[in-house]
Amino acid sequence: MVWRFPFQRELALRILHVLNHTRRLNGHVHLTIDLACMQARLGHEVAIASGDGDFDTLLAAYGVEMIRIDQRQKPLVALRAVAALTRLLRSRRFDIVHAHMMTSAVLCWPACKAAGVPLITTVHNEFARSSVAMGVGRRVIAVSDAVARSMAKRGIPASRIRTVLNGNIGSPRLSAPAGPPAALGTPSILYVGGLHPRKGAPVLLRAFERVAKEVSGASLHFVGDGPHRAEYEAMAAAMPCAAAITFHGGWDDPRPFFRGADIFVLPSLAEPAGLVLSEASEAGCAIVASDVGGVPEMLDGGKAGLLVPPDDPARLAEALISLLTTPGALAEGKSRAGMNAARMTLDRVVEETFAVYRECLPASAPGQRVEA
């Protein structure tokens, strides 16, 4: 079902999303693609200015225009990008420019100033020092209240920060049938995400070593890829429970793994608001996650999943063992996670994003098209 928001009926906007690339397996890319497609479906004129990417076919199907602008962090490339964005904004008269990464925000700022177009930025990765540059936006969208607080502490005025909590249930990227559940066995523990230090895969491996000793038949599955994959595979191979650990690599559509798993674990050391939590909620996995960043907000304050301290394999193991050995605990965990899915919809994200746009537009009578 597509929601028709009051704002959508009043205004047909021309929206330009800007991000450095549109490659798969990047959370900020996925959310931007989803948002652009849904906005186009609602009748807005939507374009994406980006470098290389993987979603051209999907974007074309939704009527989203792709505009190639190289945004690599090189001086001459950056100067050319600013010039290209300035020409684009002067010739096309967009109502809103929405930048999704630091480089894109910095490049858009002079172009938006020159063309008189409101710039909105979204902070997806607040743990990066460079994220303070997102403060160039007239409004700065934070993907969780935790991110909003962090940005305010770094000097961005709270009056310009708005929270739009992450969520992607109903994603256009995942509109095809999910397919049968993956045969992971039971009890099965799943991780989906990038394989790099911030995500905490070694913490999960060390926790699972204890779980495997106490829970017969338990298995651990990693879905994702990254620069540290070989390191983590070697770590797993050296463990006594190596036969129970599988690395499946990166998958464009991980839904069969979610559907086949009993427990989803997000052991991140830092996490603004992982979209993967909404995907686990939709699938009805019981959830265990680190109590960091926006994770508690995504899990409704801990009602929808167990929260454990970050970088604490012992506490993570205790939570997993409790779910797998306490009568009724696993079923209750799955039920609570499933009920949380109603909060994590892309429709809500679209509606709340439009509310932020509205704050930055000049007054206009209902039904009229806003001119920048």
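Arg93 counts as partly exposed because its relative accessibility is 41%, where partly exposed lies between buried (under 20% relative accessible area) and exposed (over 50%), with a 1.4 Å probe and protein chains only. The structure is a predicted model, in which local features need pLDDT of at least 70, side-chain atom pairs count only at pLDDT 80 or more, and totals for chains, interfaces and linings use all residues. Residues are numbered from 1 along each chain as its sequence is written, and side-chain values use heavy atoms, with hydrogens and water left out.

**Backbone features in loops**

- Arg93 lies in the loop between α4 (75-92) and β4 (96-99); helices (H or I, at least four residues) and strands (E, at least two) are DSSP runs, numbered from the N terminus.
- The phi of Arg93 is positive, at about 55°, although Arg93 is not a glycine.
- Asp311 also has a positive phi, near 55°, and is a residue other than glycine.
- The loop between β13 and α12 holds Asp311, which counts as partly exposed because its relative accessibility is 48%.
- Thr186 and Pro187 are joined by a cis peptide bond, with omega about 0°.
- Pro187 belongs to the loop between β7 (161-163) and β8.
- As background, most residues other than glycine have a negative phi, and most peptide bonds are trans.

**The protein as a whole**

- The protein contains 14 helices and 13 strands.
- For 372 residues, a compact globule would have a radius of gyration near 21 Å, and the 21 Å of the protein agrees with this; the radius is taken over C-alpha atoms, and the globule rule is 2.2 Å times the number of residues to the power 0.38.
- The C-alpha trace spans about 65 × 45 × 40 Å along the principal axes of the protein.
- Buried residues make up 56% of the 372 residues.
- Of the contacts with a separation of 6 or more, 67% come from residues 24 or more positions apart; a contact means heavy atoms within 4.5 Å.

**Surface and charge**

- The accessible surface is about 15200 Å², and carbon and sulfur atoms contribute 54% of this area; the areas come from the Shrake-Rupley method with a 1.4 Å probe, and for residues only the protein chains shown count as cover.
- There are 40 positive and 34 negative side chains, and the centres of the two sets lie 7 Å apart.
- Lys and Arg count as positive and Asp and Glu as negative, while His and the chain ends are not counted; each charge is placed at NZ of Lys, CZ of Arg, CG of Asp or CD of Glu.

- Helix α7 (residues 201-214) has 14 residues and reaches 20 Å from its first C-alpha to its last, close to the 20 Å expected at 1.5 Å a residue; the expected span is 1.5 Å times one less than the number of residues.
- Among the buried residues of α7 are Val203, Leu204, Phe208 and Val211.
- The buried residues of α7 pack against several elements, including β9 (219-223), α8 (229-237) and α12 (313-325).
- The 13 residues of α12 should span 18 Å at 1.5 Å a residue, and the 18 Å between its end C-alpha atoms agrees.
- Leu316, Leu320 and Leu324 are among the buried residues of α12.
- Partners of the buried residues of α12 include α7, β12 (286-290) and α13 (329-340).
- Arg41 is placed in helix α2 (residues 27-41) and counts as partly exposed at 36% relative accessibility.
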